[in-house]
Amino acid sequence: MDTKQRDRLKWRARRGLLENDLLLTRFLDKHLETMDEEEMERLDKLLLIDDNTLLDLLMGRTVSDDPGLAGLIANIRTST
Amino acid sequence: MSLPIRKFDAVVVGAGGAGLRAALQLSEAGLRVAVLSKVFPTRSHTVAAQGGVGASLGNMGEDSWLWHMYDTIKGSDYLGDQDAIEFMCRMAPEVVIELEHFGMPFDRNDDGTIYQRPFGGHSQNFGEKPVQRSCCAADRTGHAMLHTLYQRNVRANTQFFVEWMALDLIRDANGDVLGVTALEMETGEAVIFHAKATLFATGGAGRIFASSTNAFINTGDGLGMAARAGIPLEDMEFWQFHPTGVAGAGVLITEGVRGEGGILLNKNGERFMERYAPTMKDLASRDVVSRAMATEIKEGRGAGPNEDYILLKLDHLGPEVINKRLPGIREIAIKFANVDPIKQPIPVVPTCHYQMGGIPTNYHGEVVVPKGGNPNSIVPGFYAAGEVGCASIHGANRLGTNSLTDLLVMGKSSGDSMIKFIKGESSHKPLPKDAGEYSQARIAKLDEQTGGENVADVGDAMRRTMQAHCGVFRFPDMLIAGVDKIKQVAERAERLQIADKSKVFNTARIEALELQNLIEVAKATMISAEARKETRGAHDRADFHDRPGFVAGRDDQNWLKHTLWYREGNKLDYKPVNLKPLTVESFEPKARVY
Ligand SMILES: Cc1cc2nc3c(=O)[nH]c(=O)nc-3n(C[C@H](O)[C@H](O)[C@H](O)COP(=O)(O)OP(=O)(O)OC[C@H]3O[C@@H](n4cnc5c(N)ncnc54)[C@H](O)[C@@H]3O)c2cc1C
């Protein structure tokens, strides 16, 4: 993974729903710099999810059955 | 250095509802179409629309396009152009049924017809009683619309350029539009998109305000590009606000919260609505509540370190009521305001939602500007649709669910106009020699700037200035001071500096370019608002209210006209409202009471 991956992820955290923008930005501002490749790959996968489904996951209204994603979502949810 | 050139019949900037609907029309006509989008198409802001799309299908009770037209004109406070409004309302059922045939999963009635929801302002028989006119797909109407249109475009071979940002409009010496310059984020290279016809469908610019429900991508790029290319912006003083968004975040708190007993307090803990609306108090209408909140803040009774928000108190309702009736609100408050409403009040503030103004067009989606005595002279090759366009269907205030209707109708209509225009152009008009230079110079300036301004700081100053001086309720002294202030912020925006000068995926550069677009919108809004000496629709001025002879502060004698703001010298011009529909009698301006 090249060094620009962080910037790419930062941009892909730009969403169609304001709520997702806010939750993701808050998390990335704190953690993006220190994420390792595996974590970034997981984030990349999470960001492929459509906005409404993503918001339900980030608000804890639904649960992901992908254990990797579920861990990341839990981190985003507890990051304030 | 000249930029690489890509040639298409049509270039569409924006892949939200409006851009996708137009692109579909063009691709299905067999034309070569490029659609540019900053983000993946289905992540466009249209995805946020929940309420539905308005069309007089009459599935739930008698309805007619003429009633829809009346509601829209009344909603617009008579500033809407009645030809465009008739066109939209007549076309609405057709574009909705079309979407159904494209596979849009609308909610249905038992008999298989599309289910329609009630929505404020939708009426039967010219305001007599409510009618159910809003077609929806659960609470994911925008989402379903984007997915349906995107799939259909893929099938029709529309070519998508995702994570590309259009930079500037290209015009030749005659003023004809020949395409855009655009930046590919992945490579950082700029390219010229040379087209016979160019459509802007870049959405709204709600991010000019500190409190906005709009997603971060809504930076008004189309408006910035148009303004820099000498195109005026129409009616930019009109923005729809919602009384209660979470302060600092913008996420909406539904008005139902006050219905359940939530009350608004100022910094002294005073329930101030008792003073403004002794009978209805916190349940007064949206305008009254917004006005009272803005007045409290202006007079120094706002809460918080900057005294710039109001407190929405719920704790007196008790945990049972909050958990049972308002669970979603508690969740929002905890997540976005960092307070638990069971214990603490939620900081709220009137929040910007929708932009009524935009790039001036007619109902064919053709961009029109004053020229040689004609206020609506067509700019050849240039089109605009969706929230960025101003046909003007929404006038001074948009009726709920009409923006999705607008983007379907105007998206399709501009697509049709472009097809006609493209077929009449045997070849591409030659590009001016310096076609890419302006954009290249803008990027070079950003890279070379030293001792300049920080993007986040300038953006912050802009948003605070707009919110304080040109928000939901406008005070003459604040507007006058606001004009000076925003000009100063705009000067700072001329000297933006970025630390990261790399080419590949440089988000700092993109954000600087976005701010340069937002600042044009901010100037247009402040200057147009200061100049309009009346209250009309969403432009609500403290100094023009309830005067004898004026309906709620509206002045039809002097102000029944559209504003046009030009970037050059911040010049203002005006053009008449078209009160003449296409086939029916005109709806004459009347008092707007609900
Ligand atoms: C929370 C919320 C709820 C709403 N609910 C409703 C509702 O129920 N009913 C209703 O009728 N309306 C509703 N609206 C309003 C409506 O959603 C919008 O007005 C409408 O979706 C705008 O669509 P659009 O196609 O014009 O723009 P958008 O969907 O905003 O799309 C803009 C596109 O332009 C692209 N773009 C922008 N700048 C550039 C650039 N420089 N280069 C390349 N691409 C660019 C973006 O990537 C995006 O693809 C709501 C709005 C909000 C905020």
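The model examined here is predicted, with local features requiring pLDDT of at least 70 and side-chain atom pairs pLDDT 80 or more, while totals for chains, interfaces and linings use all residues. Residues are numbered from 1 along each chain as its sequence is written, and chains are lettered from A and ligands numbered from 1 in the order in which they are written.

Helix α2 of chain B spans residues 65–75, and nine of its 11 residues are buried. Helices (H or I, at least four residues) and strands (E, at least two) are DSSP runs numbered from the N terminus; a residue counts as buried if 20 or more other C-beta atoms lie within 10 Å of its own, as exposed if 12 or fewer do, and as partly exposed in between, with C-beta atoms placed from the backbone. Among the buried residues of α2(B) are Trp65(B), Trp67(B), His68(B) and Met69(B). Their cover includes β3 (53–54), α3 (82–101), β4 (116–124), β5 (129–135) and α11 (402–424) of chain B.

In total, 44 residues surround the ligand (C-beta atom, placed from the backbone, within 6 Å). The closest are Gly14(B), Gly16(B), Gly51(B), Gly203(B) and Gly386(B). By class, the shell has 18 nonpolar, 23 polar and three charged residues; Ala, Val, Leu, Ile, Met, Phe, Trp, Tyr, Cys and Pro count as nonpolar, Asp, Glu, Lys and Arg as charged, and the others, Gly among them, as polar.

Chain B also holds an open sheet of four strands in the order β11-β14-β13-β12, paired antiparallel, where pairing requires at least two DSSP bridges between two strands. β11 (239–246) and β12 (263–265) of chain B each have a single partner strand and stand at the edges, so one side of each lacks a neighbour in the sheet. Three bridges join β12(B) to the antiparallel strand β13 (residues 310–313) of chain B, with Ile263(B) opposite Lys313(B).

Turning to chain A, five helices and zero strands are found. The radius of gyration of chain A is 12 Å, close to the 12 Å given by the globule rule for 80 residues, so chain A is as compact as a globular protein of that length; the radius is taken over C-alpha atoms, and the rule is 2.2 Å times the number of residues to the power 0.38. Buried residues make up 30% of the 80 residues in chain A.

Notes:
Contact = placed C-beta atoms within 7 Å.
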